[in-house]
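Here is a short report on one protein model. Look at the structure first, then read on.

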Amino acid sequence: MKTGAAKRGETHQPFGEHVVMRENVEAGGLEPKEYEKLKAEIFEAIWRDLDPLEKEIEDNEHVDHAVVDPLLRKMRAFGLLVPKRYGGVGLSTSQYLPILAEFSKVQGGIRVLMHVHNTVAHGLSELATEEQRQQILPGVAEGTKSVAFGLTEPEHGTGMDIGTTARRDGDHYVINGRKWLITNSDIATHFVIFAKTDPKAGVAGVSAIIVERGTPGFTITPLPETMGCKGGEHGQLDLVDVRVPVANVLGREGQGILQMEELLEISRVFIAATSLGTAERAFELSLEFAKKRVTFGKPIAARQAIQRYIAEMGTDIYALRGMIQDAAAKWDQGRRIPAEASMCKLFGLEAVGRVTDRALLVHGGIGYTRQHPIERLYRDARLNWLEEGPPTIQYAVAATRFLAGYEWHV
Ligand SMILES: Cc1cc2nc3c(=O)[nH]c(=O)nc-3n(C[C@H](O)[C@H](O)[C@H](O)COP(=O)(O)OP(=O)(O)OC[C@H]3O[C@@H](n4cnc5c(N)ncnc54)[C@H](O)[C@@H]3O)c2cc1C
């Protein structure tokens with residue numbers, strides 16, 4: 001067996017030093033029986049409690065946290081990736097993926113809320129100091145606190161292009177800059193802000209710093225409603241001379257981008273799982289519709305052209321499922337998966353794009369109306385292009401690894 005993918009921390013791949021803790025994975029996640037029980041309960045609650053909220057959220061373009069958050073709390077959805085010793089569920093990443101995929105079948109604003117909360121909670125669980133963990137994680141696990149991720153900026157581009165600065169002043173940083181499109185900006189109690197702590201050092205000069213909501217000089221403004229995944233809040237953050245203790249650095253000073261690259265690997269697989277869940281729902285609805293819809297005296301399911309759509313949709317879903325399982329298994333074995341993660345994310349967004357396109361065609365004109373969830377699934381899926389980096393960035397990440405001799409066969 002050729003085990004080409006680098007282990008975390010190995011130096012022969014240019015990934016930087018291994019910094020993540022991997023407590024849940026090392027603990028093996030939940031015992032299979034306990035996991036299956038929890039998963040079944042969550043799946044049931046998603047369809048019983050969350051799915052009926054779709055119309056109200058879509059109509060109002062607003063997720064009512066007074067209604068949704070207690071439901072998510074009851075199903076322990078806020079603590080899925082937080083280690084057990086901080087009050088979380090302690091799922092391994094492989095265990096988390098099917099649950100995220102199931103959330104991606106119902107109203108997208110709820111999926112975005114829980115995805116961002118859990119992904120940032122995961123990052124915090126992996127990188128934070130013991131003191132930071134004890135302060136923040138128990139509240140995050142029970143859903144009374146929430147963490148958001150502040151990277152994107154209006155005046156700078158995708159990812160590493162950062163203008164926000166954090167100047168050292170004694171045992172504090174003074175942060176100045178603007179972020180936007182920051183999900184959960186309405187509910188987050190803590191924001192992980194990426195800022196240049198050493199502007200001359202390029203990528204090595206960026207740090208991740210925890211900024212609490214309400215810190216003087218820190219203002220949050222809502223941005224306009226989005227095309228799909230309605231009801232989520234993706235606000236603008238303005239930081240003007242915001243003072244935070246140096247102890248608020250998450251992970252290591254100057255390692256913000258390297259840490260983010262490592263954590264983005266698994267969160268790109270999370271987005272691929274979202275694409276999978278949405279594609280599965282669009283597929284199931286299309287099968288049902290094709291059998292029922294009769295034209296020219298026959299169900300459209302009997303027509304070869306419709307069968308071709310169905311076969312192609314199934315093929316995309318099957319391929320995506322396999323890719324995700326492979327990437328998650330490697331990650332849970334402690335390997336880095338930079339190329340695999342970008343390929344999962346890329347193939348996932350293309351697959352869910354094709355599947356929701358075909359689902360719309362199977363449904364005909366009525367699928368374009370709000371009478372069928374296909375219309376919503378089609379819009380929701382378009383966010384998968386952008387989350388955790390657009391396609392051009394995934395091309396760059398995967399191609400750079402391969403051109404540098406990345407070995408990835410198992
Ligand atoms: C609903 C929503 C929620 C979001 N939530 C968050 C969040 O919680 N936190 C957060 O930090 N961000 C968040 N984002 C931001 C998201 O990650 C970015 O929008 C995305 O990464 C693209 O960055 P950008 O908008 O700056 O686009 P730009 O960087 O301006 O890119 C525009 C186009 O140019 C291409 N491009 C840019 N630079 C290059 C390059 N060097 N090489 C090749 N092509 C390039 C891009 O691929 C894209 O096609 C969210 C976005 C949305 C829509």
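## Ligand contacts

A polar contact is a pair of N or O atoms within 3.5 Å; within protein, one must be able to donate a hydrogen and the other to accept it, and residues adjacent in sequence count only if both atoms are side-chain atoms. Phe-149 uses a backbone N or O atom, 2.8 Å from a ligand nitrogen. Leu-181 also uses a backbone N or O atom, at 2.7 Å from a ligand nitrogen.

## About the model

This is a predicted model: local features need pLDDT of at least 70, side-chain atom pairs count only at pLDDT 80 or more, and totals for chains, interfaces and linings use all residues. Residues are numbered from 1 along each chain as its sequence is written, and side-chain values use heavy atoms, leaving out hydrogens and water.

## The nonpolar core

A nonpolar core is a set of buried Ala, Val, Leu, Ile, Met, Phe, Trp, Tyr and Cys residues joined through side-chain atoms within 4.5 Å. Buried means under 20% relative accessible area, exposed over 50%, partly exposed in between (1.4 Å probe, protein chains only). The largest core has 63 residues; Leu-50, Leu-72, Leu-80, Leu-91 and Phe-103 touch the most other members.

Leaving aside neighbours within four places in sequence, Leu-80 is in contact (heavy atoms within 4.5 Å) with residues including Leu-38, Ile-42, Tyr-96 and Met-114. Another core lies apart, with 27 residues, among them Leu-127 and Cys-229.
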